[in-house]
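This report is for a reader meeting the structure for the first time. Please look through the sequence and the model before reading on.

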Amino acid sequence: MTEHQIPEVKADFSPEEVGKWGMVIDQDLCTGCQACVAACAMENNVSFVGEEDAGYGRGMHWVRIERFWEGEYPKISTSFQPVMCQQCGHAPCEPVCPVFATMHSEAEHLNMQVYNRCIGTRYCANNCPYQARTFNWYDYERPDPLNNQLNPEVTVRRRGIMEKCTFCIQRIRRAEDAAAAEGREVMDGEADPACAQACPADAIIFGRLDDPESRVSKQVRSGRGVKLLEELGTLPQVTYLKGGAGYDRNG
Amino acid sequence: MGAKIVNFLKQPMVRAVLAIAVLALVGGAAWGAYQTQRLPQQPIEFRHNLHIGLGVQCLYCHPGAWQGQSAGLPTQSKCWGCHQQIDRQTPELDKLAQYVEDGVSIPWVPVALMPDFVYFSHRPHIAAGVNCETCHGDLSKMTVAEPQKGMDMGWCLKCHKELAPEKETKLIDCATCHQ
């Protein structure tokens, strides 16, 4: 064996293992207002593709709101489900990347996209059961003065690059840095991603799953949580809550 | 066919034109290489060696390295804090006085730049006891700051692996530096 070994970057977590960062989305609270979608695009320099490209299915969102109609007319109601990258512990996108551009962060238990490694094969997006990944089909223009609102802490992606929700890794890193400077652990609510910060209904809760006392851990244990497509065994870090007290909105 | 080409190349005019073309290419390449290696023109020929020799600490003028991401480049008022009490011995200090009079920040040109896909913060490095000269070179031997060669990912990882093996999972994780 030579000294150049292929590193073990394809993470494979056991279901019992608790990831570090987790998110809870309360579908009983979500009103589908799209504030998270807008906040995410602003925070992460997500491009606006325009009407024509969106028509070709090339729209770029790191988080999207899915809408479901429930019940029969006239007793009908809607429910909304914001879907972003589920930061799977056993991610289908990871083993298919030929260049290790999508790989697992062992330290943060996040699924990462390394933009400058990505060669745009789009295997990862095709293998993602949540359709959470978006592809830069073109270099989309940001005419002046729109370029002034770019977030300097996030890479501006070029054409031919795959991208997806990062759980606002730049905010996590900032919170970790601040905590390390003060010699303490990251506190609840300190590393909130843009979507959680913007949510007016407080339906998105973010925090540490390895801390049993964090808000997000308590919500995960609340008993009304489901994971999306749990049967696939992807071990998502995002939990959806539904069916709480007073849920029957048709009644 | 081959002989025809050789004969064509033997004509004096053709030789002269070829020689000029080769010279232009080599010259252009050399000029391009020089442009990339040349130090950027700083607004003031600041002498790091003199200030370090006088015992000024790096963190006195670049205090950001102590607290956060960017080390920061000193404003005219920072310089003036000391220099208003010192005789203006060189024309460079007249430039400083002009910036102070106009109330304009000195437009320093940063030389140690990271690509936009890299997150770098000075604070954890200083906290881990890494000295400025480890990355920025021995500034006591420079006037204006010179960019250091070979500040690439392999160079980062070399330190990250060797200096703190117990923290390796965190230190060699992609998420630690890439955004």
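The sections below describe a predicted model, going from the chain contact to a helix pair, salt bridges and backbone details.

## The contact between chain B and chain A

In the contact, chain B takes part with 17 residues and chain A with 21 residues. Together the two chains bury about 1,500 Å², and 51% of that area is on carbon and sulfur atoms. Three salt bridges are found across the interface of chain B and chain A. One of the salt bridges in the structure joins the side chains of A:D177 and B:R123, at 2.9 Å from N to O.

Between chain B and chain A there are 11 residue pairs in polar contact, counting pairs with both residues at pLDDT 80 or more. The largest share, four residues, belongs to α12(B). By class, this side of chain B has seven nonpolar, six polar and four charged residues.

## Two helices of chain B

Helix α1 (residues 2–10) and helix α2 (residues 12–37) of chain B have axes that come within 5 Å and cross at roughly 75°. Because of this angle, α1(B) is roughly perpendicular to α2(B).

The residues that meet are B:F8, B:L9 and B:K10 from α1(B), and B:P12, B:V14, B:R15 and B:L18 from α2(B). Five residues of this contact are nonpolar, two are charged and none is polar.

## Salt bridges

Over all chains, the structure holds 22 salt bridges. In chain A, the side chains of A:R224 and A:D28 form a salt bridge, with 2.9 Å from N to O. A:R224 sits in the loop between α6 (215–220) and β9 (225–226) of chain A, and A:D28 in the loop between β1 (21–26) and α1 (35–43) of chain A, so this pair ties together parts that are 196 residues apart in sequence. Side chains of opposite charge can pair when their charged atoms come close.

## Backbone details in chain A

The peptide bond from A:Y73 to A:P74 is cis, and its omega is near 5°. A:P74 belongs to the loop between β2 (63–70) and β3 (77–84) of chain A. A:D144 and A:P145 are also joined by a cis peptide bond, with omega about 10°. A:P145 is placed in the loop between β6 (134–135) and β7 (162–163) of chain A.

A:D202 is not a glycine, yet its phi is positive, at about 55°. This residue, A:D202, lies in the loop between α5 (194–198) and β8 (204–208) of chain A.

Conventions. Residues numbered from 1 in each chain as written. Chains lettered and ligands numbered in written order. Predicted model: local features only at pLDDT ≥ 70, side-chain atom pairs only at ≥ 80, totals over all residues. Heavy atoms only, no water. Contact = heavy atoms within 4.5 Å. Buried area = accessible area lost by both parts, 1.4 Å probe. Salt bridge = Lys/Arg side-chain N within 4 Å of Asp/Glu carboxyl O. Polar contact = N/O pair within 3.5 Å; in protein donor to acceptor, adjacent residues only side chain to side chain. Nonpolar A, V, L, I, M, F, W, Y, C, P; charged D, E, K, R; others polar. Axes fitted to C-alpha atoms, helices over the stretch in contact; angles between N-to-C directions. Parallel < 35°, antiparallel > 145°, perpendicular 65-115°, else oblique.
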